[in-house]
Amino acid sequence: MTQELLLMCPLYEPTMRRLEDTYRVHRVWEGADRDALLSALGERVRAMATIGHERTDATLLECLPALRMIACFGVGYDGVDLAAVKARGIALTNTPDVLTECVADNALALILATVRRTAFNDRFIRAGRWLRESAPLTDRVWGESLGIVGLGRIGQAIARRAEAFGMSVAYHGRRALPGASYRYCANLTQMAREVSILVVACPGGEATRGIVSREVLQALGPQGYLVNISRGSTIDEEALVEALCAGRLAGAGLDVFTDEPHVPEALLTRDNVTLQPHVSSGTHYTRAAMGQLVVDNLAAWFAGEPLLTPV
Ligand code: 8YV
């Protein structure tokens, strides 16, 4: 008997095709009446694939009483109500490790592009401005101090790259990481005061909501740069926009936002901001590897075998 699978949102295309080769897949986002589809399938569908920052809350789980497995495409699972999942005995998997290096690459790309004004300079030439004037000088990346919020796998991969750029690295997290050679700062505001570039690499969710507060942004100050490859929720976005517009922050490189795909209007015209549409893991290599983990975790679960990457 072909097993059924709920697909809550679009994933990497080849992964969806592979899932469709194996399961009877219901593409929930394509249906005209989502609620009707969920209530028709709820009593029998046992597994779901989704994206970790999509909302998988208690209300949704209530519509799906037979659900016992959620495979997330992505390392983050901040959209998943963990208490509700646990209470229902639902297995949960994510896709760690395989995306670490590409996400870290993009963090460095944002640091470089923002501080060295790469995108600005590209627009400068396209607008014909080089024919009339010299491009403005920029701050430097090499030799500067970097503060990393969250020295997990991605944070560490960013730190390694930063060291190769001759940057000094400090980090903030709930506790010091045993064996880490970087300077630990228990106080994020204090770290923001001391570094010239702050990069956010911690998980999203309630524990880190607004961790980069108005106060932290103020401490980073008019010479400071902020880069976020984590979740929009980690930053007080309103305070960030205000600071950027008022010159109270030198610049920002942002891959994630509070209300994706909507980006605060005020940022669209700012030359000291580099914007990316949540693409840090968006390489063919990484998306294929993430998809493989989703496929393998689902196969393991249906076969009653140990999950590869349980949360
Ligand atoms: C997205 C991510 O899952 O891994 C994460 O937590 O945010 C990303 O990899 C991916 O972009 C699909 O939306």
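A: Two strands pair if DSSP finds at least two bridges between them. Strands are DSSP runs of E with at least two residues, helices are runs of H or I with at least four, and both are numbered from the N terminus. The model is predicted, so local features need pLDDT of at least 70 and side-chain atom pairs need 80 or more, while totals for chains, interfaces and linings use all residues. Residues count from 1 along each chain as its sequence is written, and side-chain values use heavy atoms, without hydrogens and water.

Start with strand S1, residues 4-7. Two bridges join S1 to S3, residues 47-51, and the two run parallel. Find Leu7: across from this residue, in S3, stands Ala49.

Now widen the view. S1 and S3 belong to an open sheet of five strands with parallel pairing, in the order S2-S1-S3-S4-S5. At the edges are S2 (24-27) and S5 (91-93), and each pairs on one side only. Neighbouring strands in this sheet are turned by 20 degrees against each other on average, ignoring direction. Such angles are taken between lines fitted to C-alpha atoms, for helices over the stretch in contact, and run from 0 to 180 degrees between N-to-C directions.

A helix lies across this sheet. Contact here means heavy atoms within 4.5 Å.

Follow the chain beyond S5. The loop between S5 and helix H5 holds Asp97. Asp97 has a phi near 70 degrees, a positive value in a residue other than glycine.

Next comes the ligand. Around the ligand are Ile51, His53, Phe73, Gly74, Val75, Gly76, Leu99, Arg231, His278, Ser281, Arg287 and Met290. Each has a heavy atom within 4 Å of the ligand. Ligand oxygen atoms come 2.7 Å from a side-chain N or O atom of His278 and 2.8 Å from one of Ser281. At Phe73, a polar backbone atom is 3.2 Å from a ligand oxygen. The protein covers 87% of the 330 Å² of accessible area that the ligand has on its own (Shrake-Rupley method, 1.4 Å probe).

Compare a second open sheet. Its seven strands pair in parallel, in the order S8-S7-S6-S9-S10-S11-S12. S8 (183-184) and S12 (273-275) have a single partner each, so one side of each lacks a neighbour in the sheet. S11, residues 251-254, and S12 pair in the parallel sense over three bridges. Ala252 has Val273 in S12 as its bridge partner.

Helices lie on this sheet too. H5, residues 100-115, lies across S6 (145-149), S9 (197-200), S10 (225-228), S11 and S12, at about 150 degrees to S10. H7, residues 153-164, packs on the sheet and touches S6, S7 (168-172) and S9. The direction of H7 makes about 175 degrees with that of S6.

One last stop is the loop between S11 and S12, where Pro261 sits. The peptide bond from Glu260 to Pro261 is cis, with omega near 10 degrees.

Key: A polar contact is a pair of N or O atoms within 3.5 Å; within protein, one must be able to donate a hydrogen and the other to accept it, and residues adjacent in sequence count only if both atoms are side-chain atoms.
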